[in-house]
Amino acid sequence: AIDPKYRGKGFASQNVKDIIKWVDKYGNKSIDELEWIADRRNTASVKLAQKHGFVEDDPNKHGHDWKDDFSDEYAIMYRKVKK
């Protein structure tokens, strides 16, 4: 939970930008993409991921062998890493 006085000030967005920038520059070259998993009820998290280029997709297309369908409960999103 985030203290309401800190919401909407861009702190989370800046953290995501910094992480993406770091991974793009220093990340292991075998990493092709970043994954973001958010509870669908956490609309702020889902929107934050989308704002930073994460796109929802089937995890089985991304090397996972998931037998259960989590799509009703979780938004599972991916973003390509720059190389």
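I started at Glu73, which I find in the loop between strand 2 and strand 3; helices (H or I, at least four residues) and strands (E, at least two) are taken as DSSP runs, numbered from the N terminus. The model is predicted, so I note that local features need pLDDT of at least 70 and side-chain atom pairs count only at pLDDT 80 or more, whereas totals for chains, interfaces and linings use all residues. Residues are numbered from 1 along each chain as its sequence is written, and side-chain values use heavy atoms, with hydrogens and water left out.

**Glu73**

Setting aside residues up to four places away in sequence, I list Ala38, Asp39 and Arg40 as touching Glu73, where contact means heavy atoms within 4.5 Å. The side chains of Glu73 and Tyr74 are joined by a polar contact of 3.5 Å (a pair of N or O atoms within 3.5 Å, one able to donate a hydrogen and the other to accept it within protein, with residues adjacent in sequence counting only if both atoms are side-chain atoms). I also checked Lys9, 64 residues apart from Glu73 along the chain, and the two C-alpha atoms are separated by 28 Å.

I then followed the strands, and three of them form an open sheet in the order 1-3-2 with antiparallel pairing, two strands being paired if DSSP finds at least two bridges between them. Strand 1 (33-39) and strand 2 (55-56) each have a single partner strand and stand at the edges, so one side of each is left without a neighbour in the sheet. Strand 2 pairs with strand 3 (residues 74-80) in the antiparallel sense over two bridges, and in this region Val55 stands opposite Tyr78 of strand 3. Helix 2 (residues 43-51) packs on the sheet and touches strand 1 and strand 3, its direction making about 160° with that of strand 1; the axes are lines fitted to C-alpha atoms, for helices over the stretch in contact, and angles run from 0 to 180 degrees between N-to-C directions.

**Helix 1**

I note Ser13 in helix 1 as buried, with a relative accessible area of 9%. Beyond its neighbours within four places in sequence, Ser13 is in contact with Leu48, Lys51 and His52. In helix 1 (residues 11-26) I also find Trp22 and Tyr26, four residues apart, about one turn of the helix. Tyr26 is exposed, its relative accessible area being 51%.

Note on methods: Buried < 20%, exposed > 50% of the residue type's maximum accessible area, 1.4 Å probe, protein only.
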